[in-house]
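The exercises below each set a task on the structure shown and then work through it step by step.

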Amino acid sequence: MIVSRLSLRDFRTYDRVQVPLGPGLTVVHGRNGAGKTNLLEGLYFGCTARSCRTSNEREVLRFDQAAARIEVEGHDRDGDHTIAVGFQPGEDKRIKVDGVPVARLLDAAVRPLVSVFLPERLELVKGPPALRRSHLDAVITALWPGRTANRTAYRQALAQRNALLARYKHGRGGREALAAWDLELARHGIALRDDRAQAVALLQDPFAEIAAELGLTGAGELRYRPRTKATTAAELAAELAERVDSDLERGFTGHGPHRDDLALLRDGRELRVYGSQGEQRLALLALLLAERDVLAAERGAPPLLLLDDVMSELDADRRALLVARITAAGQSLVTTTDLAHVPGAEDASVVRLHVTPGAVHVDAPGLRAVDAA
Ligand SMILES: Nc1ncnc2c1ncn2[C@@H]1O[C@H](COP(=O)(O)OP(=O)(O)OP(=O)(O)O)[C@@H](O)[C@H]1O
């Protein structure tokens, strides 16, 4: 779905605001603290029913307000669509797609896939492996939605096996039942390992190429680090059986794809450990852009790309390359304090949203003008 309009009510700094989005690039500009990221977050919330900034979603309510409402309008091959999200802390979100209530927005076929770059997301490069694993798994879901069921089955088998291990550790059960779960876990584990390997294989070349283009010095590399060396379910089950004594002692499963990592490297060294802040930012941006290319190739459409404040740390040549790349296909929204930092921002095809606290001035000669405050 291409988003054509975003409406926010009582979301962060916005009382009521309605803004258009361009089919290509939309640039959100304004001084520090004006509310640019709030607008980007509102768009993400409208497409996913989640915040991309905080796990404490209460924070998105405008100060002293009880409820927020976010609406996203757009269109795809099948026609026009509307996604509405009503959020009131303590209650289930009220989500409607084309007027029909749905329990989860992430399963809705019409919603756009969204990829977001925020300074907070540097944790993906710097943080623990679990963050990169779950990011990689989200990419797999976006690439091949049908494969999500295998991951869920793996997680369930792991929870069952861990429950048995914990019971044994506390003297409440034997170890006989474990073998059955080993096979189940191994079967789904090998499939999960294969999916991750396949996704990383698709991402590796674009990641290296884009990292170089954005100015990462040295060779950028994405490397999948599976825990297991097994290539079949039987081999993985055998590995699990070999380690069963230490698992019983610990009370949980210490081996398998739930311990995998995705390494981001520069000249063979981990950016997580050795990368500067600037290098880590470039690597994150390269990863998101590589995913966008791969998704465009596999799914026929790139995700909506939201880039918060990426321009300030790039030199003029890199900015031009980045804008050329993101405007080549798909829809994107970029925030900046300075419009001059986005080459081509003045083009007639670009929608410019000038943000001042609580209000947005729309400059979109190619679209119907909307002024909102
Ligand atoms: N729930 C809320 N209700 C009202 N205002 C809020 C809320 N949450 C944050 N703010 C205000 O939003 C402002 C920050 O907005 P935002 O993060 O969008 O700024 P920005 O334009 O992206 O700035 P920068 O360029 O510095 O990153 C702050 O003044 C903050 O007090």
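**Exercise 1. Find what percentage of the residues count as buried, and describe the overall dimensions of the protein.**

Step 1. Of the 373 residues, 42% count as buried, where buried requires 20 or more other C-beta atoms, placed from the backbone, within 10 Å of the residue's own. This is a predicted model, in which local features need pLDDT of at least 70 and side-chain atom pairs count only at pLDDT 80 or more, whereas totals for chains, interfaces and linings use all residues. Residues are numbered from 1 along each chain as its sequence is written.

Step 2. The C-alpha atoms fill a box of roughly 70 × 50 × 40 Å, taken along the principal axes.

Step 3. The radius of gyration of the protein is 23 Å, which agrees with the value near 21 Å that a compact globule of 373 residues would have; the radius is taken over C-alpha atoms, and the globule rule is 2.2 Å times the number of residues to the power 0.38.

**Exercise 2. Describe the two domains and the contacts that link them.**

Step 1. The domain assignment, which is automatic or taken from a database, gives domain 1 as 1-112 + 303-373 and domain 2 as 120-300.

Step 2. The C-alpha centres of domain 1 and domain 2 are 31 Å apart.

Step 3. Eleven residues of domain 1 are in contact with eleven residues of domain 2, a contact being a pair whose C-beta atoms, placed from the backbone, lie within 7 Å.

Step 4. On the side of domain 1 that touches domain 2, helix α10 (residues 316-328) contributes the largest share, four residues; helices are DSSP runs of H or I with at least four residues, strands are runs of E with at least two, and both are numbered from the N terminus.

**Exercise 3. Work out the strand order of the open sheet of six strands, and what lies across it.**

Step 1. The order is β2-β1-β4-β5-β6-β7, with antiparallel pairing, where two strands pair if DSSP finds at least two bridges between them.

Step 2. Because β2 (14-20) and β7 (100-102) stand at the edges with a single partner strand each, one side of each is left without a neighbour in the sheet.

Step 3. Strand β5 (residues 79-87) is joined to strand β6 (residues 94-97) by four bridges, and A84 stands opposite K96 in β6.

Step 4. Helix α1 (residues 36-48) lies across β1 (2-11), β2, β4 (68-76) and β5, and runs at about 70° to β4; axes are lines fitted to C-alpha atoms, for helices over the stretch in contact, and angles run from 0 to 180 degrees between N-to-C directions.

Methods: A residue is buried if 20 or more other C-beta atoms lie within 10 Å of its own, exposed if 12 or fewer, and partly exposed in between; C-beta atoms are placed from the backbone.
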